[in-house]
Amino acid sequence: SGDRQATPATVPSAVSNRPRTITVTNHGGRSVTLFAKGERIRRVLAPGRHAAVFRGLTPGRLYTVAVGGQAIGAVVALNRPYAATGLQVRSDGSPGSVTLTWRHRITTATGGRAIRYEVTATAKGAPVVRASATGVPRASVIGLDPDLLYTFTVRPRNDAGTGRVTIARMTRTLGQITGGPAGTSDHAPSEPAGQPSAPEPSTPAAAPAPAPAPPPAPAPAGPRTTTIWVCPDGYAEVAGQCLTTKPYTFHTETQTQPYTYHSEQQVDTKTVPATFDGSVWTWSCPSGYSAGGGQWGVGICKGTVTVQVKDAPPQGWYDTGSRFGQDIEVKDALPDGYLDDGSQWVKTTAKVAREITV
């Protein structure tokens with residue numbers, strides 16, 4: 001028979017792919033355990049070929065996953081995202097594109113900055129135009145027909161599901177807003193025709209004076225400038241405010257707790273004085289001990305005693321030599337000038353004047 005090629009082991013995987021649920025696959029039929037601080041331990045002892053599914057979890061809580069007694073990682077249980085609010089549609093000056101902005105409550109329980117937004121623009125008789133964004137409450141939609149009225153939608157999505165859709169409808173077309181070609185004409189009205197000619201003079205007229213030269217055509221109007229107020233570079237306008245954001249940064253700290261112990265039964269041996277009567281050695285053992293042999297003035301007593309033995313470190317912890325320890329990530333201090341919105345650091349500033357040519 002020929003040699004068989006070894007198949008690489010399948011790596012276990014744990015994801016929060018439904019609300020308040022963590023699903024563990026590729027466990028190889030081994031027991032699956034879920035740990036979280038302050039919650040009871042959850043187990044699926046014999047999952048067989050099926051995925052191990054843990055429901056009813058706390059959204060935003062970090063759960064450690066172990067397969068066959070070995071930790072494979074940690075997963076945050078998710079909920080569906082909240083719906084976006086304050087959806088606004090702004091023309092960016094082009095007759096075929098707009099910028100959408102909205103507000104959205106982002107939390108650890110709904111995926112944090114990894115949340116995705118699906119954007120659509122629909123109009124009667126026209127194909128659907130789609131766009132997307134990740135982690136930021138704004139998106140540009142291009143390729144629109146300037147003569148149509150569009151309906152815009154924003155739907156948040158994370159790994160656990162989708163949130164409710166938010167809708168905004170146009171009341172004027174982009175052509176009307178930007179002054180594009182829809183409904184306009186480049187032709188000036190024609191001169192009136194059929195005017196009667198002047199009557200012939202009855203007497204010879206003097207030679208007419210040469211006609212004055214036509215006035216020069218007016219020069220085309222040159223460009224003019226205007227002042228607008230915009231957000232500085234590096235800032236985005238959200239709900240009328242200029243915002244810039246920073247993701248959280250973290251450092252590692254060690255969390256400790258005292259040792260814990262359990263009782264164990266162990267065999268204990270004591271030696272006591274023995275006496276010799278000329279033929280045998282004799283001695284007395286303490287209560288709970290029995291004679292275990294002796295000679296030459298020494299008797300041996302054996303008994304079972306209860307001793308306190310230090311427990312092994314809990315899952316995810318280690319022994320520091322004096323206590324159990326665990327390395328945890330702690331959020332850094334707030335940077336200067338920033339505020340904490342619960343999911344990121346945010347800084348606001350005023351708009352600045354900028355001259356543009358029109």
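Colleague: Start with aspartate 319. Is it buried, partly exposed or exposed?

Modeller: Partly exposed. Its relative accessible area is 36%. Keep in mind that this is a predicted model.

Colleague: Which side chain does aspartate 319 meet in a salt bridge?

Modeller: Lysine 310. The N to O distance is 2.9 Å.

Colleague: And how accessible is lysine 310?

Modeller: Lysine 310 has 35% relative accessibility, so it counts as partly exposed too.

Colleague: How many salt bridges does the structure hold?

Modeller: There are 6. One of them joins glutamate 118 and arginine 157, at 2.6 Å from N to O.

Colleague: Where do glutamate 118 and arginine 157 lie?

Modeller: Glutamate 118 is in strand β10, residues 116-122. Arginine 157 is in strand β13, residues 151-158. The pair therefore ties together parts that are 39 residues apart in sequence.

Colleague: What about arginine 42? Which residue does its side chain meet?

Modeller: Glutamate 39, in a salt bridge of 2.8 Å, N to O.

Colleague: Why do arginine 42 and glutamate 39 count as buried?

Modeller: The cut-off for buried is under 20% relative accessible area. Arginine 42 comes in at 11%, so it counts as buried. Glutamate 39 is at 18%, so it counts as buried too.

Colleague: Which residues are linked in a network of salt bridges?

Modeller: Glu39, Arg42 and Arg61.

Colleague: Switching topic. What's the average pLDDT for the chain?

Modeller: The average is 82. At least 70 is reached by 83% of the residues.

Colleague: Which strand has the lowest confidence, and which the highest?

Modeller: Strand β29, residues 352-357, is lowest, with a mean of 74. The highest is β10, at 97. Strand β10 is where glutamate 118 lies.

Colleague: Where does pLDDT stay under 50?

Modeller: Over residues 1-8, for one. The model has 0 contacts beyond four places in sequence for that stretch. Residues 180-206 also stay under 50, and there the model has 2 such contacts.

Colleague: How should I treat coordinates where pLDDT is low?

Modeller: Don't read them in detail.

Terms used. Residues numbered from 1 in each chain as written. Predicted model: local features only at pLDDT ≥ 70, side-chain atom pairs only at ≥ 80, totals over all residues. Heavy atoms only, no water. Salt bridge = Lys/Arg side-chain N within 4 Å of Asp/Glu carboxyl O. Buried < 20%, exposed > 50% of the residue type's maximum accessible area, 1.4 Å probe, protein only. Helix = DSSP H or I, 4+ residues; strand = E, 2+ residues; numbered from the N terminus. pLDDT = per-residue confidence, 0-100. Contact = heavy atoms within 4.5 Å.
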